[in-house]
Amino acid sequence: MRILLSILMFLVGAGLIAYSYLGAFITLASEIERELYGPTPLSSIAKILHYINSGEIPQLAGYLYGGVFIIVIAILYLVGLLGKKSKNDE
């Protein structure tokens, strides 16, 4: 049961990280769409290149850090479970 709980926590953490990146790209797409109807359509291409070169992709940091935290807890919980000695080993 504890292994199943650890796997479930790992999947929830991975889902939160995926949601963070998906939300970041949706935010980036909406910003680029606003630029598309700006002075020239080429300004949206310039904005894409600017985001790629600078690494300033907007992220939902709360979900990203929360997912990483849950994954770390799941790994520590699993390692703690597997690291215990049984009473029969003595």
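**Labels and their cut-offs**

Mentor: Start with Y63. Its relative accessibility is 40%, so Y63 counts as partly exposed. Partly exposed lies between the buried limit of 20% and the exposed limit of 50%. Keep in mind that this is a predicted model.

Trainee: Why is Y19 called partly exposed?

Mentor: The relative accessible area of Y19 is 43%. Buried needs under 20%, and exposed needs over 50%. Y19 is therefore partly exposed.

Trainee: What makes Y19 and Y63 an aromatic pair?

Mentor: Their rings are 4.9 Å apart, centre to centre. The cut-off for a pair is within 6.5 Å, so they pair.

Trainee: And why is the pair called edge-to-face?

Mentor: The angle between the planes is 80 degrees. Edge-to-face requires over 60, so the label holds. A search of the whole structure finds one aromatic pair.

Trainee: How do you know that the pair ties together parts apart in sequence?

Mentor: Y19 lies in helix 1 and Y63 in helix 3, so the pair ties together parts 44 residues apart in sequence.

Trainee: What is the pattern of the chain, read along the sequence?

Mentor: The pattern is α-α-α. The chain has three helices and zero strands. Among contacts with a separation of 6 or more, 78% join residues 24 or more positions apart.

Trainee: Turn to helix 1, residues 2-36. Why is L11 called exposed?

Mentor: L11 has 54% relative accessibility. Exposed means over 50%, so L11 qualifies. L11 lies in helix 1.

Trainee: Is I3 buried, partly exposed or exposed, and why?

Mentor: I3 is at 44% relative accessibility.

Trainee: Which residues form the nonpolar patch on the surface?

Mentor: I3, I7, F10 and L11 form the patch. Together they have about 380 Å² of accessible area. Membership needs over 30% relative accessible area.

Trainee: How much of the chain counts as buried?

Mentor: Of the 90 residues, 17% count as buried. The chain exposes about 6,900 Å², and carbon and sulfur atoms supply 70% of it.

Trainee: Which elements have the lowest and highest mean pLDDT?

Mentor: Helix 2, residues 42-54, has the lowest, at 70. Helix 3, residues 61-82, has the highest, at 84. The chain averages 77, with 68% of residues scoring at least 70. Where pLDDT is low, the predicted coordinates should not be read in detail.

Methods
Residues numbered from 1 in each chain as written. Predicted model: local features only at pLDDT ≥ 70, side-chain atom pairs only at ≥ 80, totals over all residues. Heavy atoms only, no water. Patch = residues over 30% accessible without salt bridge, like charges linked within 9 Å, V, L, I, M, F, W, Y side chains within 5 Å. Areas by Shrake-Rupley, 256 points an atom, 1.4 Å probe, with all protein chains shown as cover. Salt bridge = Lys/Arg side-chain N within 4 Å of Asp/Glu carboxyl O. Helix = DSSP H or I, 4+ residues; strand = E, 2+ residues; numbered from the N terminus. Buried < 20%, exposed > 50% of the residue type's maximum accessible area, 1.4 Å probe, protein only. pLDDT = per-residue confidence, 0-100. Phe/Tyr/Trp six-rings, centres within 6.5 Å; stacked < 30°, edge-to-face > 60°. Contact = heavy atoms within 4.5 Å.
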